[in-house]
Amino acid sequence: MNTIFSSNFSSSLKSMIEYKKTIGYSENTYLPYCKNFDRYCFKNYPKDEYLTKDIVLDWISASECKSGRIIQARAGFIRGFGKYLSNIGINTYVLPNKFNGIKQKFSPYIFTDDELSSLFKTIDKSKNSRNSFQGLVFSTIFRLIYTCGLRPREARLLKRTTINLNTGEILITQTKNHKERIVVMSDDMLSLAKKYLYLRDLAYQNCEWFFPLSHDNPYSEALLQRWFKKFFIDSKSQIDPDILPIVRVYDLRHRFATAVLSKWLSEKADLNSKLPYLSTYMGHSSLSATAYYIHILPENLMKSSGIDWNYMQKILPEVTLWED
């Protein structure tokens with residue numbers, strides 16, 4: 001390795017990269033973060049020899065680091081570096097797993113088309129596991145959340161009686177705002193739901209839950225999130241999990257919203273008139289919660305003439321996207 005580092009962490013950064021290479025990770029996975037961290041420490045902490053909490057948090061929140069995705073990626077890298085130092089016996093600060101940013105507004109992770117394809121292929125493989133029915137649940141529930149833009153809670157707590165497989169309509173009752181709404185499945189989603197329901201009814205007769213963990217209980221939020229994170233990591237097998245961004249089941253709902261908006265913009269539709277339909281479909285309490293998704297569209301779409309920015313700014317107060 002010919003890379004030259006300058007800070008007091010130079011030898012540790014080099015040895016960590018060499019170690020990661022020996023267990024199958026590419027040098028390029030870590031090198032950009034190592035270089036950036038080294039430059040930062042050389043400039044701002046030239047005398048420090050130990051990784052401290054101040055160094056970690058200052059680097060994560062450095063001025064050039066503004067997006068939520070970058071913060072999450074940096075947090076993953078520095079956590080991995082801290083664990084490596086600790087494992088080789090060096091006194092160090094290790095960033096907690098529950099770290100969620102430096103007073104930054106939540107930024108959802110928007111999956112690309114390729115990432116979604118790879119993710120669902122990985123999820124589908126779980127149907128070949130020892131518990132094949134559980135794998136079928138995952139293939140169905142995660143697709144339902146994505147294709148219908150549901151909140152994870154809304155999908156988890158669906159009742160068997162609230163889904164009409166003749167019309168494809170789903171009555172959503174467990175909503176955030178206690179206001180029921182109806183969404184309609186796509187033809188592909190409806191076909192999958194019918195196949196799922198046939199096997200579900202054989203395995204769980206007289207069970208009220210559409211996605212039962214047992215006869216008496218639906219899947220919990222924590223269990224779904226844990227499996228979703230595992231599937232995402234498995235779908236990125238060439239990347240060290242320590243530097244992967246944080247993803248949530250909720251991000252499938254975010255991806256649904258941005259996909260709809262992107263489609264409308266590509267069709268040169270007037271978002272001012274379209275937005276209320278999407279807001280109602282997703283069960284948002286205000287138009288501003290839906291309009292916020294426009295701000296996380298790709299830059300080329302944000303420049304579209306279909307967006308009236310003067311109008312959007314009027315309806316865009318501070319929105320907690322995760323909560324809505």
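How much space lies in the largest pocket? About 620 Å³ lies there. This is a predicted model, in which local features need pLDDT of at least 70 and side-chain atom pairs count only at pLDDT 80 or more, while totals for chains, interfaces and linings use all residues. Residues are numbered from 1 along each chain as its sequence is written, and side-chain values use heavy atoms, with hydrogens and water left out.

**View 1. The largest nonpolar core has 46 residues.** A nonpolar core is a set of buried Ala, Val, Leu, Ile, Met, Phe, Trp, Tyr and Cys residues joined through side-chain atoms within 4.5 Å; buried means under 20% relative accessible area, with a 1.4 Å probe and protein chains only. Phe111, Phe142, Leu144 and Met185 touch the most other members.

**View 2. Phe142 and its contacts.** Beyond its neighbours within four places in sequence, Phe142 is in contact (heavy atoms within 4.5 Å) with residues including Phe120, Leu224 and Val249.

**View 3. Phe9 and Phe81 form an aromatic pair.** Rings of Phe, Tyr and Trp (its six-membered ring) pair if their centres lie within 6.5 Å, and planes over 60 degrees apart count as edge-to-face. The pair of Phe9 and Phe81 is edge-to-face, at 6.4 Å centre to centre and 75° between the planes. Phe9 lies in the segment before helix 1 (10-22) and Phe81 in helix 4, so the pair ties together parts 72 residues apart in sequence; helices are DSSP runs (H or I, at least four residues), numbered from the N terminus. Both Phe9 and Phe81 are buried.

Definitions and conventions. 1 Å grid on protein atoms, 1.4 Å probe; cavity = no way out; pocket = protein on both sides within 12 Å on 5 of 7 lines; lining within 4 Å. Points joined across faces, edges and corners; volume = space filled by probe spheres on them. Buried < 20%, exposed > 50% of the residue type's maximum accessible area, 1.4 Å probe, protein only. Phe/Tyr/Trp six-rings, centres within 6.5 Å; stacked < 30°, edge-to-face > 60°. Helix = DSSP H or I, 4+ residues; strand = E, 2+ residues; numbered from the N terminus.
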